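Subject: Structure for you to look at

Hello,

Below is the structure I said I would pass on.

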Amino acid sequence: MTEPSALAASDRLDALLDAAVDAMVLIDREGCITRFNHAAERIFGFSPEEVLGQNVRMLMPQPYRAEHDGYLERFLGTGERRIIGIGREVIACRRDGSTFPIDLSVGEFRSGSEHGFVGILRDISDRHRQDAQLRRRAEEFRLLFDHAPTPIAVSNPHGLIQTANAACLGLLGYSVTEILGLRMSDLVAAEDRPAVLSDFEQLRGGADTRQREVRVLHRQGYWLSVLLYSACVHDNNGVPTIYIAEMIDRTALHAATGEAEALRERLAHAGRLGMLGEMVSGIAHEVNQPLTAITTYASACRRLLASGRGAPD
């Protein structure tokens, strides 16, 4: 290739590199930078004049900086691939010394007498921030779920319980491993099961939340009265993804209501007995007066007859 042709080819390569969206850095066999495109200038903060001819390890923080030449020598000597031809996520270093994560893919190239490597780099700081935010949100939701005072169980699209919070496990007396794989309908009384299964099918079809009072079986064998709220989450295509069951224990409320009803019955009975006593007392008072008069007149007659002064007829 003539010198003008070689220069034209080099210019075309520079133009192609600068048009690339991702940062691209070319190095020779010794690891020295031979080309540095515009995207690389933007993310690293270096100008080409500052990096051309410099070892590419200047773009790396420790420990990558100290290890880089060894990777390159090992590859050239043995062909063992650590990054070259594979790619991975690493940490890069800007001109101001700040570090940031990148996706790095490294390829080997040969062009005539030129032999080197090209690194394609993509700044993934935004992705890391988004991932960290998602992890924080997931952790917040996990804490909210685990520590919610209301018993909650989550089932998969087939109705099998995938997880339950501490309040749910405490209410039903199960451990996490014992409750996983059960169905909510397995825990309710036989007479309530058809209604719960009907709610499940309606929720699958897109119905709103369902609410009903059912009896559920505690792990130790006794029954609890609960108000069961159920809902279904669908994806963008309307396919059910998870089912949520929330329970409010009404056993104590029912027991208190029963005791209050029994107390009302006892109070009503005592009231009826009191009214009966008052009525008997009134009757006794009304009857007592004529009986007293009769007794008095009879005693007087008896005394008159005994004295001989009274006429017998």
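Helices (H or I, at least four residues) and strands (E, at least two) are DSSP runs, numbered from the N terminus.

Two points on how to read the rest. This is a predicted model, where local features need pLDDT of at least 70 and side-chain atom pairs count only at pLDDT 80 or more, while totals for chains, interfaces and linings use all residues. Residues are numbered from 1 along each chain as its sequence is written, and side-chain values use heavy atoms, leaving out hydrogens and water.

Cores

A nonpolar core is a set of buried Ala, Val, Leu, Ile, Met, Phe, Trp, Tyr and Cys residues joined through side-chain atoms within 4.5 Å. Buried means under 20% relative accessible area, exposed means over 50%, and partly exposed is in between (1.4 Å probe, protein chains only). The largest nonpolar core has 23 residues, and those with the most contacts inside it are V25, I33, F36, F44 and L59. At least two residues of this core come from each of β1 (23-28), β2 (33-36), α2 (38-44), β3 (88-93), β4 (99-111) and β5 (114-123).

Contact means heavy atoms within 4.5 Å. If neighbours within four places in sequence are left aside, I33 is in contact with V25, L26, I27, V51, L52, G53, Q54, V56 and L59. Another core, of 20 residues, lies apart from the largest one; A153, A164, L171 and L228 are among its members.

A hairpin

Two strands pair if DSSP finds at least two bridges between them. β3 and β4 pair in the antiparallel sense over 6 bridges, and A92 has F100 in β4 as its bridge partner. The hairpin of these strands has 5 residues between them, and in it G97 takes a positive phi near 90°.

Salt bridges

Side chains of opposite charge can pair when their charged atoms come close. A salt bridge is a side-chain nitrogen of Lys or Arg within 4 Å of a carboxyl oxygen of Asp or Glu. By this rule the count comes to 13.

One of them joins D22 and R122, with the closest N and O atoms 2.8 Å apart. D22 lies in the loop between α1 (3-19) and β1, and R122 in strand β5, so the pair ties together parts that are 100 residues apart in sequence. D22 counts as buried because its relative accessibility is 19%, whereas R122, at 46%, is partly exposed.

Another is R94 with D123, at 4.0 Å between the closest N and O atoms. Here R94 is in the loop between β3 and β4 and D123 is in strand β5, so parts that are 29 residues apart in sequence are tied together.

R250 and E213 form a further salt bridge, with the closest N and O atoms 3.1 Å apart. R250 is in the loop between β10 (240-249) and α10, while E213 is in strand β8 (residues 210-217), 37 residues apart. There is also a network of salt bridges that links E89, D103 and R127.

Which helix holds M279? M279 lies in helix α10 (residues 251-307), and M279 counts as partly exposed because its relative accessibility is 48%.

Regards
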